[in-house]
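Subject: A structure for you to look at

Hello,

Here is the structure I promised to pass on. Please have a look at it first, and then read my notes below.

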Amino acid sequence: MQGLGKRIQKCREEAGMTQEALAERVGISWNYLGAIEREVKTPKLETLVRIINVLKVSADDVMLDVLRVGRKARCTKLEEKLQSLPKEKQDKILRILDFLIEEESE
């Protein structure tokens with residue numbers, strides 16, 4: 001699962017935790033956590049759930065780049081936010097998105 005380890009590392013750093021502190025709270029060695037973050041090892045589901053719970057993040061935060069469903073859920077949430085805005089602001093944001101997508105396609 002490429003990307004999972006990097007997202008765990010990013011969430012850990014945002015939480016202000018060291019590898020040692022997170023590993024201790026999760027109940028794994030810091031060497032194993034380091035291997036997960038370097039994407040040398042893939043954690044078992046039980047370990048991943050403990051990591052997510054200790055970091056107090058959502059599974060989407062950690063797996064967003066890994067699962068298509070996570071991205072789809074995020075798009076749905078963004079669409080709901082967009083629809084809550086006035087039409088003029090929706091149009092402005094959609095023009096910006098169109099521009100960014102075209103720039104990335106080139």
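A word on terms before we start: a residue is buried under 20% relative accessible area, exposed over 50%, and partly exposed in between (1.4 Å probe, protein chains only). Please keep in mind that this is a predicted model, in which local features need pLDDT of at least 70 and side-chain atom pairs count only at pLDDT 80 or more, while totals for chains, interfaces and linings use all residues. Residues are numbered from 1 along each chain as its sequence is written, and side-chain values use heavy atoms, with hydrogens and water left out.

Let me begin with two helices. Helices here are DSSP runs (H or I, at least four residues), numbered from the N terminus. Helix α1 (residues 4-14) packs against helix α3 (residues 30-37) at an angle of about 120°, and their axes are 7 Å apart. Axes are lines fitted to C-alpha atoms over the stretch in contact, and angles run from 0 to 180 degrees between N-to-C directions. The two helices α1 and α3 are therefore oblique to each other; angles under 35 degrees count as roughly parallel, over 145 as roughly antiparallel, 65 to 115 as roughly perpendicular and the rest as oblique. Contact (heavy atoms within 4.5 Å) is made by residues including Arg-12 of α1 and Glu-37 of α3.

That brings us to salt bridges, meaning a side-chain nitrogen of Lys or Arg within 4 Å of a carboxyl oxygen of Asp or Glu. By this rule there are five salt bridges. One of them joins Glu-37 and Arg-12 at 2.6 Å, N to O. Glu-37 lies in α3 and Arg-12 in α1, so this pair ties together parts that are 25 residues apart in sequence. Glu-37 is buried at 2% relative accessibility, and Arg-12 is buried at 7%.

Another salt bridge links Arg-50 to Glu-46, with the closest N and O atoms 2.9 Å apart. Both residues of this pair, Arg-50 and Glu-46, lie in helix α4, four residues apart, about one turn of the helix. Arg-50 is partly exposed at 28%, whereas Glu-46 is exposed at 57%.

Finally, the loop between α3 and α4 is worth a look. Glu-39 sits in that loop and has a positive phi of about 65° although it is not a glycine. Val-40 lies in this loop too and is exposed, with a relative accessible area of 60%. Val-40 and Gly-5 are 35 residues apart in sequence, and 8.6 Å apart in space, C-alpha to C-alpha.

Enjoy exploring!

Best wishes
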